[in-house]
Amino acid sequence: MGNSGSAVKVCTDHQGGINWLSLSPDGQRLLTGSEDGTARLWSTADSQCHGHFQGHESYITFCHLENEAAFTCSADHTIRKWDVMTGQCLAIYRGHTSIVNRILVAKDYLFSGSYDRTARCWSVDKEKQIQEFRGHRNCVLTLAHYSSRDVLEEEEEEEEEEEKVSRDLLVTGSTDCTVKVWWVSSGRCYQTLLGHTGAVLCLILDAPNRELFSGSTDYTIRTWNIVTGEQLKVFKEHQGSVICLELVNRHLYSGSADRTVKCWLVDTGERIQTYKAHKHSVSTLKYHAGILFTGSGDACARAFNSKSGVLQKIFRGHKFIINCIQVRKGLLYTASHDGTLRIWDIRGICKRNKRLSRLFNNKVGCMVQQENGEHEAVELM
């Protein structure tokens, strides 16, 4: 296999664990948010750090990168907006009374969820709170956003005149075991989705199909009709908390504390694949070109053939849990609580996966892939 999958760079600039890694829409930059209270901006062209954002008074929990602006939220109860070219702090959004653990940028809105049991909506440009969503009995962990225009036919729209002005809706998942859907314009709760018996850790929205997927510490994934609030299916085979979700071509991938990822057919609810080999919880996952990349609490990233489930590569080098991964133009980026951002060359494994996928489709791929076994990625520094 040569050097396919080998680490081409280890970035050690942060002085604390990296909690999140965000890729800009144009793919030219990466943003890391760290326990050291700073965020750093990286170029995907040369893998160099081109920005250092300082100002938070506590650790950064999450970050989001647009093409021209970066957003960070922190345990200091605030959210900050940064200019990616100058590193200047453009805005500070104050109002939360506890740790802000998640942000989401959509249109001209900035949404945030906090341990103070609220979600909030802010004007991106005016540094002003527009709305507060209050009703959860415990902290808000995860967010999603959509417009009713994406899911409702005109004859189905019965919202108040006030809500017709802005048909945006915010979805929140909480440790109170509920998912709530809110009208952004009024702050009114449109739906409360009941069924989970544990904290809701992750959400994935499929607005065109009117579906919402939620993963929980109750070991289940549930799918909901976001128009009616009806619970459609319950996926029950995991033996641990469901930590992360990815939806690709009506296939749902779920990473769990039970050390596995499972692939489900959304339309039938059938579990069609289980990806094993992790020695700790699966903390993050990303689908790319027929390959399922995973990050784990065992400090390793892995690459699986998404169809066959066969492990194709183990990426070793991190010392602690991998919190987030991104893929861009033949490179895998892994961010860890050990404070490093590692960059891996995956061009060879992508080419190999195409060949093996063709073999698998001809019903001889499994045998060929098993002969290859597991390979450890070796860093070239």
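Here are a few questions and answers on a predicted model, looking at its confidence, a sheet, a strand and a loop residue.

User: Before we dig in, what average pLDDT does the protein chain have?
Analyst: This is a predicted model, where local features need pLDDT of at least 70, side-chain atom pairs count only at pLDDT 80 or more, and totals for chains, interfaces and linings use all residues. Residues are numbered from 1 along each chain as its sequence is written, and side-chain values use heavy atoms, with hydrogens and water left out. pLDDT is the predictor's confidence in each residue, from 0 to 100. Residues 159-165 stay under 50, but 88% of the residues score at least 70 and the chain average is 90.

User: How many residues of strand 15 are buried?
Analyst: Buried means under 20% relative accessible area, exposed over 50%, and partly exposed in between (1.4 Å probe, protein chains only). Asp168, Leu170, Thr172 and Ser174 point one way, Leu169, Val171 and Gly173 the other, and all are buried. Strand 15 (residues 168-174) is therefore largely enclosed by the rest of the structure, its buried count being seven of seven.

User: Which valine stands opposite valine 171 in strand 16?
Analyst: On one side, strand 15 pairs antiparallel with strand 14 (residues 140-147) over seven bridges. Five bridges also join strand 15 to strand 16 (residues 179-183), again antiparallel. These last two form a hairpin with four residues between them, and cysteine 177 in the turn has a positive phi of about 80 degrees. Opposite valine 171 you'll find valine 181.

User: Is glutamine 239 buried or exposed?
Analyst: Glutamine 239 sits in the loop between strand 21 (231-235) and strand 22 (242-248). Leaving out residues up to four places away in sequence, glutamine 239 touches Tyr219 and Asp258, a contact being heavy atoms within 4.5 Å. With a relative accessible area of 59%, glutamine 239 is exposed.

Terms used
Pairing = 2+ DSSP bridges.
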